[in-house]
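Trainee: I would like to go through this structure with you. Could we start with a helix and work outwards from there?

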Amino acid sequence: MPHAALTPELKLAPYWWDETPCLATPNTVIPASVDAAVVGSGYTGLSAALTLARAGRSVLVLEAEALGSGGASRNQGQMGAVLKRSFSDLVASYGRAKAIAVYREGQAAIAYTQSLIEQEQIACHLVRSGRFVGAYRSADYEALARDLDTLKRELGFEADMVPRAEQHREIGTDFYFGGQVRHRDATLDPARYHRGMLDRAEKSGVTVVAHAPVTAIERDGQGFRLTTPRGRVTARNVVIATNGYTGRVTPELRRRVIPVGAYIITTAPLPPEQVARIMPKARCVHDTRKLIYGIRLTPDRTRLMFGGRASLSETDPRVTTPRLYDRMVRIFPELDGVRITHSWTGYVAFTFQNLPHIGIRDGLHYVLGCCGSGIALGTYLGHKAALRILGDSEAATAFDDLPFETRPFYYGRPWFLHAALAHYRVLDALPRR
């Protein structure tokens, strides 16, 4: 019997596309040569292109599909630098100074991106909502509290702990063991933000070409030659900004990022009083389990978005919609029976260190592996990659000297993902207390 969430009206496309559909560029001609070519038209690529163009460089952005069809308009629109490793874990791996520097970089990414949106007057429903991090277990609450003491002392980290007895003021559920509120995080409409960045880049002189997958990158004197079905171009510098969609044209980078599908559902409009109960402060939410789930309201605060990993292998949203629905109802039992209007998926890029990477490999500049925090980190690191090309002294980041690791026999298809996710699912299923 079909699950109640699978209705004939269900749209298997991002909620954001109702208002901001993807774009094509059928008449745009690829120039013969440019100062810089950017592969990928997401936040990272457009940010790099914007910085380069405003510094006087000629810039071409090449996109394999329609503009806005990738992760930039498929995510939930939660802005933060949600590092997948705790502060104490980073200290154990890299030392205290590096851990502090990495967290400081994450906070700088949030500040830079929010400032950019405001300065450029991009209408994307940016709201400094703050974030509630739900403690999946009581031990998680204690770990969050221990790290926060250090982060407040060392970084002035703006966050507070919320005990379980008081969590209803943040989220209308008893599912979590309390949590942490991070005040700098925000929400926005990711497709409108992407469209705004695209508009600013094009107005600054950037040429953006859709449906132009790069099929080859070859050395050409002091620069490179890029081949696409729509033509060739030579460029002095190249930025690879493909993240979860990194392909065979850059094999050494592809084997260093792990594409992982994220799945999202959106409810039909909810009664205002119900919204006020379950999301009283309209914060974005994620939790501390191994397979993280993200929650937020739509910008008009009428619908709930719920997303996360709903399958051990990549599959169709028709398969994951019922699973996400059941997980949502487990957290918010009063949503049992609500109708789902949209369900979709998109790829997030993780790395073997669960940290983003920026650098140069074989002469190609890259920003990859934002690990689910691409709005802030992608925008910020794309800007930093452009500054490196420009020789700017402000280009340095805390991620520059991190080795970009891979694993034996990994070439871009994560054959190990099923086993890894199964392991995480078992850990999440252990008794909670």
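**Helices, cores and salt bridges**

Mentor: Please bear in mind that this is a predicted model. Just after helix H4, Gly156 takes a positive phi of about 65°.

Trainee: How many residues does H4 have, and which residues does it span?

Mentor: H4 covers residues 138-155, which is 18 residues. From its first C-alpha to its last it reaches 25 Å, close to the 26 Å expected at 1.5 Å a residue.

Trainee: Which residues of H4 are buried?

Mentor: Tyr141, Leu144, Asp147, Leu148, Thr150, Leu151 and Leu155 are buried in H4.

Trainee: And what covers them?

Mentor: The cover includes helices H2 (87-94) and H3 (96-119), together with strands E4 (131-134), E5 (159-162) and E6 (179-182).

Trainee: Let us turn to H10. Which of its residues are buried?

Mentor: Leu417, Leu421 and Asp428 are the buried residues of H10. They cover an arc of only 25° around the axis, so they lie on the same side of H10. On the other side, Ala419, Val426 and Ala429 are exposed.

Trainee: What covers the buried side of H10?

Mentor: Strand E12 (258-267) is included in what covers the buried residues of H10. The helix itself runs over residues 417-429 and reaches 18 Å, close to the 18 Å expected.

Trainee: Changing topic, how many residues does the largest nonpolar core have?

Mentor: It has 64 residues, and those with the most contacts inside it are Met79, Tyr193 and Val206. Apart from that core lies another, of 32 residues, among them Tyr176, Val181, Ile265 and Ala282.

Trainee: What does Tyr193 touch?

Mentor: Leaving out residues up to four places away in sequence, the residues that Tyr193 touches include Tyr43, Thr113, Leu116, Ile117, Ile375 and Thr379.

Trainee: Where is Thr250, and is it buried or exposed?

Mentor: Thr250 sits in the loop between strand E11 (231-240) and helix H6 (251-254). Its relative accessible area is 7%, so Thr250 is buried. Beyond its neighbours within four places in sequence, Thr250 is in contact with Ile217, Ile240 and Leu364.

Trainee: What is the bridge partner of Ile217 in E10?

Mentor: Leu226 is the partner of Ile217. Strands E9 (residues 216-220) and E10 (residues 223-228) run antiparallel and are joined by five bridges. Their hairpin has two residues between the strands, and Gly221 there takes a positive phi near 65°.

Trainee: Back to charges. How many salt bridges does the count come to?

Mentor: The count comes to 26 salt bridges. One of them joins the side chains of Glu252 and Arg361, at 3.6 Å from N to O. Glu252 lies in helix H6 and Arg361 in strand E17 (residues 357-361), so this pair ties together parts that are 109 residues apart in sequence.

Trainee: Which residues are linked in a network of salt bridges?

Mentor: Arg54, Glu120, Asp199, Arg200 and Lys203 are linked in such a network. Elsewhere, the side chains of Arg407 and Glu405 meet in a salt bridge at 3.4 Å from N to O.

Note on methods. Residues numbered from 1 in each chain as written. Predicted model: local features only at pLDDT ≥ 70, side-chain atom pairs only at ≥ 80, totals over all residues. Heavy atoms only, no water. Helix = DSSP H or I, 4+ residues; strand = E, 2+ residues; numbered from the N terminus. Expected span 1.5 Å × (residues − 1). Buried < 20%, exposed > 50% of the residue type's maximum accessible area, 1.4 Å probe, protein only. Contact = heavy atoms within 4.5 Å. Core = buried A, V, L, I, M, F, W, Y, C linked by side-chain atoms within 4.5 Å. Arc of directions from axis to C-beta. Pairing = 2+ DSSP bridges. Salt bridge = Lys/Arg side-chain N within 4 Å of Asp/Glu carboxyl O.
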